[in-house]
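Try each one yourself before reading the solution.

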Amino acid sequence: MAQLQVNPTRMELKKIQARYTTARRGHKLLKDKRDELMKKFLEVVREDKVLRERVEAALAQFQGSFGIASATASPLMLKEALILPKKEGRLDVTYKNVMSVTVPCFSLDMLGTGGADSYNYGMAFTSGELDASLAALEKTAQMLAEEIERTRRRVNALEYIMMPRYLETIKAIRMKLDENERGNTTRLMKVKDMMAKRDA
């Protein structure tokens, strides 16, 4: 692992040690964040699976009904029945913060023009709220997965690149300082011997 190019002084040693301490603290925080993101992601995926199964069951039921209708009614009549739903909807999007990830929340308001007998063929027999919840959950899962990947890359960069580089640099500076210290001690001993010989 390549070390940082710095002057081997005590001041630089203190700076690199402080950076290493900060990197270790950041590494721990990012690992904790990654673990919490994973927990939240798994919760969202489980909830998404339940909703998806409900939507797929409703779609399967619709498909069966549509198959029977197609067999008994003319294609023109079916097209006219499905071309324009009797209800309109308004989709509102709000946002919430989940582990520093801004995720959307969808809410669907149905604006019906018909009475209780008005059908909404366009939603394929599933409620708009269910569809909106599924869409929000799937978007949340996607955004959490992206944030997990970003956090994982940061954790790995600190763990396998920055922290080892700081440790190598600290080791190299200490070795150089020890070498200088030994050199100074040797010089002092020589000077002392020379002065002792001169005095003798």
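Predicted model: local features only at pLDDT ≥ 70, side-chain atom pairs only at ≥ 80, totals over all residues.

**Exercise 1.** Which residues does Thr140 touch, not counting residues up to four places away in sequence?

Numbering runs from 1 along each chain as its sequence is written, and side-chain values use heavy atoms, with hydrogens and water left out.

*Solution.* Start by finding Thr140 in helix H3, residues 128-199 (helices are DSSP runs of H or I, at least four residues, and strands are runs of E, at least two, numbered from the N terminus). Then look for contacts, meaning heavy atoms within 4.5 Å: you get Val44, Val103 and Pro104.

**Exercise 2.** Is Thr140 buried or exposed?

*Solution.* Thr140 counts as buried because its relative accessibility is 7% (buried is under 20% relative accessible area, exposed over 50%, partly exposed in between, with a 1.4 Å probe and protein chains only).

**Exercise 3.** Find the residues that touch the most other members of the largest nonpolar core.

*Solution.* A nonpolar core is a set of buried Ala, Val, Leu, Ile, Met, Phe, Trp, Tyr and Cys residues joined through side-chain atoms within 4.5 Å. Next, trace the suppliers: helix H1 (10-72), strand S2 (101-112) and H3 each bring at least two residues. H3 gives the most, with seven.

**Exercise 4.** Is Tyr95 buried or exposed?

*Solution.* Go to strand S1, residues 87-98, where Tyr95 is found. Its relative accessibility is 59%, so Tyr95 counts as exposed.
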